[in-house]
Amino acid sequence: MATVRDSGNISVADGKATVKGWVQDIRNMGGISFLILRDRYGTVQITLPKKKIEPSLFELMTKLPRESVVSVTGEVKESKQTALGLEVIPEACEVYSKAATPLPLGVIDKVNVEMDTRLNNRFMDLRKPEVRAIFELRSMMVDLIKEAMSQEDFLNVTTPKIVASGAEGGATLFNVDYFGKPAYLAQSPQLYKQMLMSTGMDRIYEIGPAFRAEHSNTNRHVTEFTSFDGEMCWIEKEEDVMEMIGKVVDHVLRDLKEKGRKQLEILGKDINVPELPYPILTYSECLKIVQDAGLPLKEGDDLGTDGEKIVGEYMAKQGKELYFIAEYPEEAKPFYIMEKDGTPYSFSFDLDYKGQEISSGGQREHRYDVLVARMQKKGLDPDDFEDYLAAFKFGMPPHGGWGIGVDRLLEKMLDLPNVREAILFPRDLSRLMP
């Protein structure tokens, strides 16, 4: 009986083997034909010498449409003409599914296809090795995040994604009809993370979906994204949180560079691993950088995409790809961020990667009375946050945390042109399907 193999483990020593996959290409050369079979790990050449193959089998296999799904059993022979150093001479072929023609887009054709066409036919787009490599790297990246957090003694948690109120305000909330009651899709797990800080679970993290009803149609904004959130107790300053983020990101970059060598080679990419600790700039310093570059921003303004890009170019000249921007104006930050007493600033920060924000975080306000005052200052009614505030009313340690966009992290790591390249099925202003 033939052993079932794939392109990653087949060898001449198998003698006879069965391989399964998609018909990537067929080349008919008169007296001999070649079928290239693609599976998850690569390709296998199926060689069909016309005079040595059953006529019905030769006819069947050479007439298969590209991207049909088949199982081929045959003798594995050495071949110096193939990348694997072997070929399969078929004895039997089972057609599981014959592909329709024409294909909605090519898998190996060197033709530029628009992003919309690719996303409309994402199942076919993902058959391309270079596209699939992105998501193989993404899977490794998430595993490495979990590994790093476990090493730092963080607990993995899951918080609700249907909520009664928003953590970031109402402007970007998706409404949900919850059995006749108003509810929303969660913008972040922020309030739940903080509530957990009062329980004794003093280091927690979550990797899960988050939703923002942002009317932004750019290459960096989507309405549903994957967020990696962490929260930790007993911090003394916001730099403690920055240090933890640095450890985790460094672990991810360093190990992905090694473990993802095959996928990075397919993509023609490399991962640079910046030295720790990452530099810390203040908001005021960044404001001066962008003003000196000719961007007319004033104190309190959001740096925005253009400002971030200018700072990124400034830092790139110093050989710095990852850096923190700290001490943002408190007015621009959510109620749960701690104010820097006696100043208009706050204990908050962003982590930027090659000129784009991939994370925000800071020290939280853990003092009940001050937190209530900040809510009121932001025009919020504390009665709407009764459950959240109860966790502070009955004993809350000093704490801080962060949120990192997993999609953006991968996008910048691989220098992808659009964050949608890092998301299997993106959602944005105009895309709800597939």
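Here is a walk through the overall layout, the core, some salt bridges and a charged patch.

## Ground rules

This is a predicted model, where local features need pLDDT of at least 70 and side-chain atom pairs count only at pLDDT 80 or more, while totals for chains, interfaces and linings use all residues. Residues are numbered from 1 along each chain as its sequence is written, and side-chain values use heavy atoms, with hydrogens and water left out.

## The big picture

The protein chain has 12 helices and 17 strands; these are DSSP runs (helices H or I, at least four residues; strands E, at least two), numbered from the N terminus. Along the principal axes, its C-alpha atoms fill a box of roughly 90 × 55 × 40 Å.

Of its 434 residues, 51% count as buried. Buried means under 20% relative accessible area, exposed means over 50%, and partly exposed is in between (1.4 Å probe, protein chains only).

## The core

Nonpolar side chains tend to be buried together in soluble globular proteins. The largest nonpolar core here has 48 residues, and Met141, Phe228, Ile245, Leu253, Trp402 and Met413 have the most contacts inside it. (Such a core is a set of buried Ala, Val, Leu, Ile, Met, Phe, Trp, Tyr and Cys residues joined through side-chain atoms within 4.5 Å.) Elements giving two or more residues to this core include helix H4 (129–151), strand E12 (224–233) and helix H6 (238–259). H4 brings the largest share, 12 residues.

## Salt bridges

How many salt bridges does the structure hold? There are 34, each one a side-chain nitrogen of Lys or Arg within 4 Å of a carboxyl oxygen of Asp or Glu.

Arg374 pairs with Glu330, with their closest N and O atoms 2.8 Å apart. Arg374 sits in helix H10 (residues 368–377) and Glu330 in the loop between E14 and E15, 44 residues apart. Arg374 counts as buried because its relative accessible area is 2%, and Glu330 is buried too, at 9%. Elsewhere, shared partners join Arg118, Arg122, Asp125, Lys128 and Glu421 into one network.

## A negative patch

Asp381, Asp383, Asp384, Glu386 and Asp387 form a negative surface patch. Patch residues have over 30% relative accessible area and no salt bridge; like charges are joined within 9 Å, and nonpolar side chains (Val, Leu, Ile, Met, Phe, Trp, Tyr) within 5 Å. Asp387 lies in helix H11 (residues 386–393) and is exposed, at 63% relative accessibility.

Methods
Accessible areas come from the Shrake-Rupley method with a 1.4 Å probe; for residues, only the protein chains shown count as cover. Lys and Arg count as positive and Asp and Glu as negative; His and the chain ends are not counted. The place of a charge is taken as NZ of Lys, CZ of Arg, CG of Asp or CD of Glu.
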